[in-house]
Amino acid sequence: MKPAPLPVFGAALAAALLLSACGSAPDEAPDDADHSGVAGDEPAADGEADGDGDGEAQGDGEAQGDGEAQGDDEAQGDGASAAGLSAPDRLITAAQEGAGRAASFGFTEMGFVSDEVAGSYRELLEENSLAGEDPEAQVSPEACAQPLAAVDFSPLLLGEETVRADYFADSFSGAGSIELATLDGEADQERVAEHLENVAALLDSCRDTEFTLDGIDYELRIEEPTLQDQDGVSSEQAENTAAYSWERSGGEGTTFAQILFTQVDDDIIMVSFTGGEAAGSAEFTSIAEAIAAEASAALETAE
């Protein structure tokens, strides 16, 4: 049974951007950076987290109603909620499945990002000021400037036939998202390969970085989380998977994020969390893996 169609968001995106104020969580989420994670302080076994309150995970890690989120914060649709999205149905369905899995961890408030808002987000990424266009942007070490700017990559950059769904939990200060796109030709393949190279460069040589943007000084720490649920992943997919977390301090406080990026045949999936300290935790690594696996299985079924 498919999850209920998710509503379409028209508000600003919650983005895991390193180099923009948009790296913070949106107005809908609590703004205390020290807020606890969905499942408390300890990661749960087998990559599953037990929520609390209205966001409680249901038995065996599955959301109630075979993937349908229940309760006051449920995101129910009427079958027309995804109307107007340019993405192919198979990507929309895979995003629904991934978001349904997120609901089992307490992320029960969710919805698709509209094409209009996705277009605005695409423009923001393409105008990244640290890509060398802003003479006042400074990065130390200087050699980290290019990969640091380029790592703000999103599947939405690969065209209009892409999809993104965002999700929120009462017990997490921040937001999560899942994005999907299908690679269309050699140019898309090269762009993804470059992204993986940039992630590798940051993890190899740029784990501790300082940068100044819009007159504000930031300190950035990048780490590589340990992926646990890789037994069922092919060697080719494992080679095309990248995961990293970051902690950015400066300005109004500290923001944490974690990103899991993977390629499955000609499809790519990116799962992100941005917000309070829990976003960079091992618990959220397990959650991201579970969400990506659910979306990947849906893509395989749709073939």
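In this predicted model, E179 forms a salt bridge with R164, and their closest N and O atoms are 2.9 Å apart. E179 belongs to strand β5 (residues 174-182) and R164 to strand β4 (residues 163-168), so the bridge ties together parts that are 15 residues apart in sequence. Side chains of opposite charge can pair when their charged atoms come close.

R164 also meets the side chain of D166 in a salt bridge, at 2.7 Å from N to O.

The structure holds five salt bridges. One of them is formed by the side chains of R90 and D267, with 2.8 Å from N to O. Which parts of the chain does this pair tie together? R90 lies in helix α2 (residues 89-103) and D267 in strand β10 (residues 267-275), so the bridge connects parts that are 177 residues apart in sequence. R90 counts as partly exposed, with 24% relative accessibility, whereas D267 is buried, with a relative accessible area of 3%.

The next topic is the aromatic rings. A pair of aromatic rings is described by the distance of the centres and the angle of the planes. The structure holds nine aromatic pairs. Among them are F153 and F261, whose ring centres are 5.9 Å apart and whose planes are at 75°, so this pair is edge-to-face. F153 lies in the loop between α4 (145-150) and β4, while F261 lies in strand β9 (residues 253-264), so the pair ties together parts that are 108 residues apart in sequence. F153 counts as buried at 8% relative accessibility, and F261 counts as buried at 1%.

F211 and Y218 form an aromatic pair that is stacked, with 5.0 Å centre to centre and 20° between the planes. Both F211 and Y218 are buried. Elsewhere, ring pairs link F107, Y167, F172, F273 and F284 into a cluster.

Technical notes. Residues are numbered from 1 along each chain as its sequence is written. This is a predicted model: local features need pLDDT of at least 70, side-chain atom pairs count only at pLDDT 80 or more; totals for chains, interfaces and linings use all residues. Side-chain values use heavy atoms; hydrogens and water are left out. A salt bridge is a side-chain nitrogen of Lys or Arg within 4 Å of a carboxyl oxygen of Asp or Glu. Helices (H or I, at least four residues) and strands (E, at least two) are DSSP runs, numbered from the N terminus. Buried means under 20% relative accessible area, exposed over 50%, partly exposed in between (1.4 Å probe, protein chains only). Rings of Phe, Tyr and Trp (its six-membered ring) pair if their centres lie within 6.5 Å; planes under 30 degrees apart count as stacked, over 60 as edge-to-face and the rest as tilted.
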